[in-house]
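Subject: Structure handover

Hello,

Here is the structure I promised to pass on. My notes on what turned up follow below it.

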Amino acid sequence: MIWLTWRQFRAQALIGLAALTALTVYLVIVGLQLRHAYDVNVNCADCTLGAAKEALDIQYHSPLQLVGFLVLLAPAVVGVFWGAPLIAREFETGTHRLVWNQSVTRTRWLAAKLAVVGFAAVAVTGALSLLLTWAASPYDKLLGGRFDPLVFPTRNIVPLGYAAFAIVAGITVGLLAKRTVPAMAVTLAAFAAFQVLVPAVIRPHLQAPVTDTVVLAADARVESFHSNKDGVSIGGYDRSLPGAWILSGEAALLDAAGKRVTRDQIAPCMNGDREKDLACLAEKNFHFTVTYQPGSRYWTFQWLELAAYLLLAALLSGLLFWRIRRG
């Protein structure tokens with residue numbers, strides 16, 4: 001059965017291998033160039049850290065974002081084009097009856113297909129993820145943002161869970177629908193829904209967020225001040241907590257007594273020179289409250305999300321084997 005499954009699957013496997021080879025060459029080139037650029041900009045005696053970040057961001061932001069999008073898309077592709085047609089096509093053409101009338105049991109038939117195609121899907125997606133993680137590591141180290149929506153799901157181990165879930169979901173939908181095109185459409189819609197729902201609703205609460213009071217210091221990384229009738233708010237303060245995932249939006253600026261700061265209170269300090277303005281504001285003992293996930297939880301979140309997707313894949317696999325025995 002493994003040999004037969006491979007014969008049926010080899011065209012898709014060779015296409016996947018060709019795409020993986022091309023991206024491997026590209027990522028190795030980008031990774032080596034990025035390391036050289038990192039050494040030149042960060043270890044330069046006359047360069048500042050801010051200038052180094054800007055230089056690397058301008059040069060490598062777009063290429064890494066593009067490859068990140070491809071890594072995020074890879075599980076959807078294998079689920080739709082490898083998983084959904086795998087069994088649905090057999091039912092459409094009636095070839096499943098030929099196999100079932102031989103000595104091969106339905107369970108063994110399904111297990112062989114699931115093992116071969118599932119392993120290939122996880123291997124291809126995992127290789128892409130690890131290559132991107134290696135290539136982008138100097139960039140990620142310098143600019144941070146490991147919880148960013150297009151960074152977290154494309155680095156390290158989480159994509160393995162996405163691939164396992166996508167391929168099993170595709171096979172399950174194919175078995176239930178028994179028609180290839182509808183199975184592909186439903187698989188794509190389901191996986192897309194999970195990729196929107198998980199980061200927006202579930203991931204922020206995998207662990208209880210932390211709420212802290214942050215003092216507005218002279219060296220704070222605040223990007224903007226906004227004021228209205230309710231008082232002053234600040235934005236872009238996430239850099240005050242390196243590596244953290246900020247869950248709160250604009251933060252209300254408070255004085256030492258805990259009251260909302262007004263526009264008149266900050267007006268004397270706002271002269272257009274950011275460093276001097278912040279130094280002036282720091283003397284007034286202003287602070288703000290922020291809710292976030294600490295950067296130290298990054299690997300905990302990676303493992304938790306991986307485990308959740310693997311559990312979903314295992315549950316769907318159980319449904320597959322239960323359903324196949326009933327025809």
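Asp140 forms a salt bridge with Arg155, with the closest N and O atoms 2.9 Å apart. (A salt bridge here is a side-chain nitrogen of Lys or Arg within 4 Å of a carboxyl oxygen of Asp or Glu.) The pair links distant parts of the chain: Asp140 sits in helix α4, and Arg155 in the loop between α4 and α5 (158–177), 15 residues apart. Helices are DSSP runs of H or I with at least four residues, strands are runs of E with at least two, and both are numbered from the N terminus. Both Asp140 and Arg155 are buried. Buried means under 20% relative accessible area, exposed means over 50%, and partly exposed is in between (1.4 Å probe, protein chains only). Asp140 counts as buried because its relative accessibility is 12%.

Two notes on provenance. This is a predicted model, in which local features need pLDDT of at least 70 and side-chain atom pairs count only at pLDDT 80 or more, while totals for chains, interfaces and linings use all residues. Residues are numbered from 1 along each chain as its sequence is written, and side-chain values use heavy atoms, with hydrogens and water left out.

How many salt bridges does the structure hold? It holds two. In the other, the side chains of Glu305 and Arg203 meet at 2.8 Å, N to O. Glu305 lies in helix α9 (residues 298–324) and Arg203 in the loop between α6 (180–202) and β1 (210–215), so this pair ties together parts that are 102 residues apart in sequence. Glu305 and Arg203 are buried too.

Next, backbone angles. Most residues other than glycine have a negative phi. Asn156 has a positive phi, near 60 degrees. Asn156 lies in the loop between α4 and α5, and is buried, with a relative accessible area of 15%. Lys178 also has a positive phi, of about 60 degrees, and is not a glycine. Lys178 is found in the loop between α5 and α6. Its relative accessible area is 26%, so Lys178 is partly exposed.

Now the second largest pocket. Its volume is about 280 Å³. The search ran on a 1 Å grid over the protein atoms alone; a pocket is an open set of points where a 1.4 Å probe fits, with protein on both sides within 12 Å along at least five of seven lines, and lining residues have an atom within 4 Å of a point. Grid points are joined across faces, edges and corners, and a volume is the space filled by probe spheres set on the points. This pocket is lined by 15 residues, and Gly16, Ala19, Ala74, Val77 and Val124 lie nearest its centre. α1 (2–42), α2 (49–93) and α4 (106–143) each supply at least two lining residues. α2 gives the most, with seven. By class, the lining has 13 nonpolar, two polar and no charged residues. (Ala, Val, Leu, Ile, Met, Phe, Trp, Tyr, Cys and Pro count as nonpolar, Asp, Glu, Lys and Arg as charged, and the others, Gly among them, as polar.)

Val77 also belongs to a nonpolar surface patch of about 520 Å², along with Leu66, Phe69, Leu70, Leu73 and Phe81. (Patch residues have over 30% relative accessible area and no salt bridge, and nonpolar side chains, meaning Val, Leu, Ile, Met, Phe, Trp and Tyr, are joined within 5 Å; areas come from the Shrake-Rupley method with a 1.4 Å probe.) Leu73 is in helix α2, and is partly exposed at 36% relative accessibility.

Best wishes

Definitions and conventions:
Patches are made of residues with over 30% relative accessible area and no salt bridge: like charges are joined within 9 Å, nonpolar side chains (Val, Leu, Ile, Met, Phe, Trp, Tyr) within 5 Å.
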